[in-house]
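User: Please go through this model with me and set each label against the cut-off behind it.

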Amino acid sequence: MPQPLERINDFVVKFANVNGSGSASANQLFAKAVLRMGVPVASRNIFPSNIQGLPTWYEVRVSEAGHRGRRGGVDLMVAMNPQTWARDVAEVEPGGYLLYDSTKPMPPSRFRDDVTVIGVPLTALCNAAYADPRQRQLFKNILYVGVLSALLDMDVAEIERLLGEQFKGKEKLVAANVHALHLGRDHALQNLHCPIGLRVKRADAVGDRIFVDGNNAAALGCVYGGATVAAWYPITPSTSVAEAFMKHCKAFRTDPETGKARCAIVQAEDELAAIGMVIGAAWNGARAFTATSGPGISLMQEFLGLAYFAEIPAVIIDVQRGGPSTGMPTRTQQSDLLLAAYASHGDTKHVLLFPEDPRECFEFAATALDLADRLQTPVFVMTDLDIGMNDWLCEPFAWDDSRRMDRGKVMTAEALEAGTDFGRYKDVDGDGVPWRTYPGTHPTKGAYFTRGTSRDPYARYTEEGSVYVDNMQRLLRKFATAAQLVPAAVPRPARQPTRVGVIHYGSSAPAMQEALGMLDGQGLHVNALRVRAFPFGDEVIDFVERHDTVFVVEQNRDAQLRTLLVNEGAVDPAKLVPVLHYDGTPITARFIAGAVAEKLLALTVVPLRKALP
């Protein structure tokens, strides 16, 4: 029998509930209360795609050290769903704790000998205190937060303050929730051993960081980047990007004198119509974007090819989810890379940005709008459900009022009037990017046909093979130019020289950072590189060339970033060892460290037949 776990500000609490039970707000209340005590948290909401009735989980990692990725394993399970009882109990670490509703007796066989079991008659307490069935359900969630406040030695005043903020102006609701909170807390203090080995101790480790989700951050980044047009169609998990953009536009896109909106936000009939509206608006000079997920990208293919070939800016925020087809709409993956990189038929290559957290969602959304204008092409911001729909603790956004939009090569009326030669698809300086004009720039000069068919540098229709080839080669030069403009990869060298490397990207970054520390503790030294964009900069290919073995950590089945490295970087595939996690849950530090250590061991073991003389 292991000793009960004893940890301060370093443990994982997981809530197992039923979707539609109202538990989400209570679980978030718990996470935010820990934050208010100055202790960083990393929260993950794992929920089903139906409205109610199926299992849902909410995981809160308490980490004064500031780890933001999932660790793996659970130290305290709040088991409120009989349907998933066996699975939830099995997930608890040896020496961990299990909190459950003990209103109905359960046989000893349903428990584990190596786990401390804490029973609280939550349903009975609610039934005795409340007559309304809905109140009983909702307040049961607040009751277990009260129990946790006692078990973990939390400052209950912080929870009370949060309830006051949540229900500001609704004093009856504040009083009712505070009553339920203390009903649970008082029962625990009177009937249980409090606190347990896991404790939350007030600290000062949060600093000025903010707690925000990536969809909200990306929407604000679009405002910051100058977007005035958004066209979208609802799809999980991207819908809240458009909803947040609407909210932010009320504050930043409303004429202060007339009160009129200075933006256009259109819910289209489908994703194909949405990207069509974005392309039309961008062709006319507006900064425009859409937000969608994998199935939406599939529907947008034809228009994306038009934007690529006609060279029209567009920004697509792809909040990736589990696929293919409908797949797992409310689970996370990094499985749209190939779909987005080569979207549409024919030879196409698109720019992709890979933010690691909400702060970079904000930054990269604005950057994408600049890149789309400067390169005159679609640009994808490849976020995912984990970043998009979960609250992350991250650095504050950098908002610079002096920032100006980079509109790229836009020919002015003055230049046209002066006799400057204008060829819409003419490469004048070797970077592959031509000059363009906005509609109405000049009454007689600077006009051209925008077409999806082959044309010469002056936008005149032609099917001459050599002209077509020249145009396609120019588009490749433009893609090479993009590699110099996109965010550079971020290295993290090991403490000791090593010929082993690891490449990762996006939401895998926090778990990867922790995994590197775990590997270092085992004497396994690995240089890391976080890739932030496609096309790859020279630093990415140089990193691969400097190492004998490079692990590529991804959250998809088919090693899609590895495929891009082989296809576009002419990298030896034998050097690139895939580490793949794609069950729909966010990747954990334990998974990465375990997989890399296991593969490293396999690579260093000499087969017997080769060892024999």
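User: In which loop does Glu311 lie?
Analyst: Glu311 lies in the loop between helix 11 (301-310) and strand 13 (314-320), where helices (H or I, at least four residues) and strands (E, at least two) are DSSP runs numbered from the N terminus. This is a predicted model, in which local features need pLDDT of at least 70, side-chain atom pairs count only at pLDDT 80 or more, and totals for chains, interfaces and linings use all residues. Residues are numbered from 1 along each chain as its sequence is written, and side-chain values use heavy atoms, with hydrogens and water left out.

User: Why does Glu311 count as buried?
Analyst: Buried means under 20% relative accessible area, exposed over 50%, and partly exposed in between (1.4 Å probe, protein chains only); Glu311 has 1% relative accessibility and therefore counts as buried. Its phi is near 65°, a positive value in a residue other than glycine.

User: Why are helix 4 and helix 6 called oblique to each other?
Analyst: The axes of helix 4 (residues 133-151) and helix 6 (residues 171-191) cross at roughly 45° and come within 7 Å, the axes being lines fitted to C-alpha atoms, for helices over the stretch in contact, with angles from 0 to 180 degrees between N-to-C directions. Angles under 35 degrees count as roughly parallel, over 145 as roughly antiparallel, 65 to 115 as roughly perpendicular and the rest as oblique, so helix 4 and helix 6 are oblique to each other.
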